[in-house]
Amino acid sequence: MKNSPLSKAVAAASGGQPAAYRLRKGVRCCQHSGAKPMLILDFPLRAVAVQPCWRPLLEHMTAADFVPVQALSARVPEKLRDKTEIFLEQLVRKALCESRGAPALPGYPIVSVIIPVRNREKDLAHCLRSLCNLRYPEHCLEIIVVDDASTDGSLQVVSKFPVKTLAFKTRRQAAACRNLAARQAKGEILAFIDSDCVADPSWLSDLLPAFRDPAVGAVGGLVDAYFEEKGLDRYEKVKSSLQVSTWQKRSSEQERHFYVPSCNLLIRRELFRELGGFCEDLHVGEDVDLCWRLQKLGKAVEYKPVGRVYHKHRNHLWPFCRRRFQYGTSEPVLQRLHPDRTKQFLLPLPEFLCWAWVAVAAWLGSVPLLGGAAASLIFQIYRRYRVVRDNGIPIGRMAVAGAVIRTSLALFYHLCLFVSRYYVVVCMLLWPLSPRLGVVALAMHLVAGGGQFHIKRPRLNPLSFLVFFSLDQFAYQLGVWWGCCRRGFFKPLLPRPVFRLTSLLGSKPQ
Amino acid sequence: VYVEDKSVPANEMIVKQDCPAGMEDPFIMEEFEIEELSVDGICGVY
């Protein structure tokens, strides 16, 4: 790592209790003598061959107990000991490992917490109280509130807390507020949070260690729901647009649309200034734009499912739908600003052909044509098993068959989700002209809703979930179409299909 | 960012720093995505 003052401070921050790791449930480690060590994940089925020098480390990892990183690094050659955590973090991002806890913080960088506010006096007081309870030394913390021409008592609330206050006389929106505060911030790290959020005491201490890697320019943490009483609260708890993932992720060439929301975003101050801050012309999606520009600079954006802030979602139907509509309108704007991030739709070719056979058979009402779909699947199972066998991967024929079938089902699910997200309203409007199209679109929407219910496991009955899911999809979709029609720019509705024959032949890590 | 120094045996791999951005380290030799898509997004990107 580079020896910048920040790297040293954050490295010192990690010098206490070490992080601990274990294999993810469903991951097995195969270490036959003479063969390269492999980690195999059952669902989704994938095999990862690691460098033989890490073999002793893997021998001491199981899916049962977390092992401290120091105990694991003691197993590897001395030259690699300080790289152990980097290796393990890579396994975490590939969903092969789980990490627990955050390193203690005996050394601290100065952090400027920035909060834009407009007419939210009660929420702001709650937010500031939570920031006063952060497990972080006061002398390393600067809190800046920027008032966006509030007409309520927000400014009076701020005066009761030990924070720096800035104010606009006329409304300028959140992006301008954040930029104003960033220009005056003293901290090496800028930490953005919204006035309708409440920070967990470990917010900063959980996320700051990610900056030990100089490649990381920004870090985002978990955004959880503050309310859980009403049905809509419980929907937002699992389906909020502010939720990034359930596991650790990092931006990459593959994850081209990856971003973290500005209500829980930490970024290096110098990078933020180099980027010119948030785009003030964007009132929605300014965080997406910032993260994408940061990636263009060659810096990574990391997401960690810790460092929690609780967000007070809009838990009435009209504000909920309006917000989703606004999110939808940002798609064409962002696509136009970032033509290099045109939306893509990944289509594994054999599975796509299988569904094409099914679609043609259903349209023509021909059962024998389904034989084409079955032949396509069987051929794919044969191809993949042959590569598995030739590479000495200890995976059986039936497991490969299961993986191919699951890939086909996942492709169908993603197609349904896409239709539900962008086209179901249009197809319903066209129902009088083509009832069959309407029925197909509605069926795909129901499959998408059912799939989401199964994956997200909300504390809601299926019917309530489906109602909220439909409102969510329809409002967002209207927003996208509205934005596209207004600008005469329809790329968000027409993603570029990316046909992939297979990646099975073994790929180098990305 | 880290890359492998090919001049030394794999079991004594040296990790170098400050390599071109976008390159991940070589701790992992090969990946085989037998299941190319999953509903929870662990593999495949949308």
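Entry 1. I looked up Leu446(A) and found it in helix H17 of chain A (a DSSP run of H or I, at least four residues; strands are E, at least two; both numbered from the N terminus). Leu446(A) is partly exposed, with a relative accessible area of 44% (buried is under 20%, exposed over 50%, partly exposed in between, with a 1.4 Å probe and protein chains only).

Entry 2. A note on ground rules: this is a predicted model, where local features need pLDDT of at least 70 and side-chain atom pairs 80 or more, while totals for chains, interfaces and linings use all residues. Residues are numbered from 1 along each chain as written, chains are lettered from A and ligands numbered from 1 in written order, and side-chain values use heavy atoms, without hydrogens and water.

Entry 3. I checked Arg250(A) and Glu302(A), whose salt bridge has its closest N and O atoms 2.6 Å apart. The pair links distant parts of the chain, strand S14 and strand S16, 52 residues apart. Arg250(A) is buried at 13% relative accessible area, and Glu302(A) is buried at 2%.

Entry 4. Next I opened Asp340(A) and Arg341(A), which meet in a salt bridge at 3.9 Å, N to O. Asp340(A) is partly exposed at 36%, whereas Arg341(A) is buried at 6%. I also noted one network, joined by salt bridges that share partners: Asp224(A), Glu228(A), Lys237(A), Arg308(A) and Arg459(A).

Technical notes:
Salt bridge = Lys/Arg side-chain N within 4 Å of Asp/Glu carboxyl O.
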